[in-house]
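Keep the viewer open while you read.

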Amino acid sequence: MKKINLKQAFSCARTEYVKWICDARMIILGVLAIFIYTFAVEPLIKNAEEMGEPLNMLEPFIAIANSGMILLIIPLVFLTLIADFPKIDTNTVFYIIRVGRVNWLLGQIIKLVMMALSYLAFIFAGAVIPMIGRSFWYNGWSNVATQYVVRFPEKAGNFGVSLLPENLYNQLSVFSAAVKSYLLVFAYLMIIGLLLLFFSLVKKKTAGFVFCGAIISLGTAFCSIKTVLMWSMPMANSIIWLHFTKYFRQPVVTMTFSVMYLVIFNVTLIVFCVIAIKKFNYDNVAEIAA
């Protein structure tokens, strides 16, 4: 077995990442940007205009990363964009033989990290750019988030209000909520990608795609009915406000639990992938897509 070579792994990741960026499926990101603006940014902007107050620039992104409906769409779109990950054909097999199994696997994991980070960066930009010139940058929540219901009690059911619940602004600072939201959703997306990678290596890619869809759907369903089973799924563990009550500091489930859950889930999948690549059979490569 060849020794681990980070240069080869990064080279492999960079080459395949560029191909992914240039894929025609990236047009889906335009549709996603419109969806995010319509269902997260615009409602908050309307509330801000109604109050005559500015929003914090980071609040739309925090709202996106903590909305159950939007967090159903974000992993589904990501799953669609990486549906052929990892792409393995006859030419790829020769490449694996040349660089070594573990180096190729490391390259795929690095590529997955790059895809997840850039995907979230696009979403972050889509949330922040529309706020330029109409928001402020400070580690504090806006009056739009904390006082809208006080000013307009008859509009307590306003969709924009539900995007930034008390469980967020009563428990965390804006910067803390934004950073934690980014990292937790990133870990969620990594789980989706590593599941696809593992199932591809055992030549059950279609089953892996279905399994990922099931995890996303079940996570959304469990969160919507607030059952304790939701903590068995990555989705609930990646939504910050679900961890807290509206007013009290005592968490429903600790953030430490969710971080450990997501880290262990990812590490376990990486271990499974390492085992799978060592046993990978080059024969009948076409079975990978089955």
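Lys203 counts as buried because its relative accessibility is 12%; the cut-offs are under 20% relative accessible area for buried, over 50% for exposed and partly exposed in between, with a 1.4 Å probe and protein chains only. Lys203 also has a positive phi of about 60°, although it is not a glycine. You'll find Lys203 in the loop between α10 and α11 (205-225). Helices here are DSSP runs of H or I with at least four residues, numbered from the N terminus.

Before going further, some housekeeping. This is a predicted model, so local features need pLDDT of at least 70 and side-chain atom pairs count only at pLDDT 80 or more, while totals for chains, interfaces and linings use all residues. Residues are numbered from 1 along each chain as its sequence is written, and side-chain values use heavy atoms, with hydrogens and water left out.

**Confidence**

The protein averages a pLDDT of 90, and 95% of the residues score at least 70; pLDDT is the predictor's confidence in each residue, from 0 to 100. Over residues 286-290 pLDDT stays under 50, and the model has 12 contacts beyond four places in sequence for that stretch. A contact means heavy atoms within 4.5 Å. Where pLDDT is low, the predicted coordinates should not be read in detail.

**Backbone and loops**

Lys226 is another non-glycine with a positive phi, about 55°. Lys226 lies in the loop between α11 and α12, and it counts as partly exposed because its relative accessibility is 45%. There's a cis peptide bond too: the one from Phe85 to Pro86, with omega near -10°. Pro86 is placed in the loop between α4 and α5.

Pro251 is found in the loop between α12 (234-237) and α13. At 26% relative accessibility, Pro251 is partly exposed. Leaving aside neighbours within four places in sequence, Pro251 is in contact with His243 and Phe244. Pro251 and Trp241 sit 10 residues apart in sequence and 9.7 Å apart in space, C-alpha to C-alpha.

Is Ser258 buried or exposed? Ser258 is buried, with a relative accessible area of 0%. Ser258 belongs to helix α13 (residues 255-278), and, not counting residues up to four places away in sequence, it touches Trp231, Asn237, His243 and Val253.

**The core**

The largest nonpolar core has 99 residues, and those with the most contacts inside it are Ile62, Trp104, Tyr119, Ile123, Trp141 and Leu201. Such a core is a set of buried Ala, Val, Leu, Ile, Met, Phe, Trp, Tyr and Cys residues joined through side-chain atoms within 4.5 Å. Helix α10 (residues 174-201) provides the largest share of this core, 18 residues. Beyond four places in sequence, Trp104 touches a list of residues including Cys12, Glu16, Pro86, Thr92 and Leu201.

**Pockets and a cavity**

On a 1 Å grid over the protein atoms alone, a cavity is a set of points where a 1.4 Å probe fits but cannot get out, whereas a pocket is an open set with protein on both sides within 12 Å along at least five of seven lines; lining residues have an atom within 4 Å of a point. Grid points are joined across faces, edges and corners, and a volume is the space filled by probe spheres set on the points.

| Space | Volume | Lining by class |
|---|---|---|
| Largest pocket | about 450 Å³ | eight nonpolar, four polar, eight charged |
| Second largest pocket | about 320 Å³ | 13 nonpolar, seven polar, two charged |
| Largest cavity | about 40 Å³ | nine nonpolar, one polar, no charged |

For the classes, Ala, Val, Leu, Ile, Met, Phe, Trp, Tyr, Cys and Pro count as nonpolar, Asp, Glu, Lys and Arg as charged, and the others, Gly among them, as polar.

The largest pocket has a volume of about 450 Å³. Of its 20 lining residues, Glu16, Lys19, Lys87, Thr92 and Lys111 are the closest to its centre. Helix α1 gives the largest share of that lining, six residues.

In the second largest pocket, 22 residues form the lining, and Val149, Val161, Ser162, Leu164 and Glu166 lie nearest the centre. Here α7 gives the most, with seven residues.

How many cavities of 30 Å³ or more does a search of the whole structure find? The search finds one. Among the residues lining the largest cavity are Phe61, Leu71, Ile123, Ser181 and Val185. Helices α3 (59-65), α4 (70-81), α6 and α10 each supply at least two residues of this lining.
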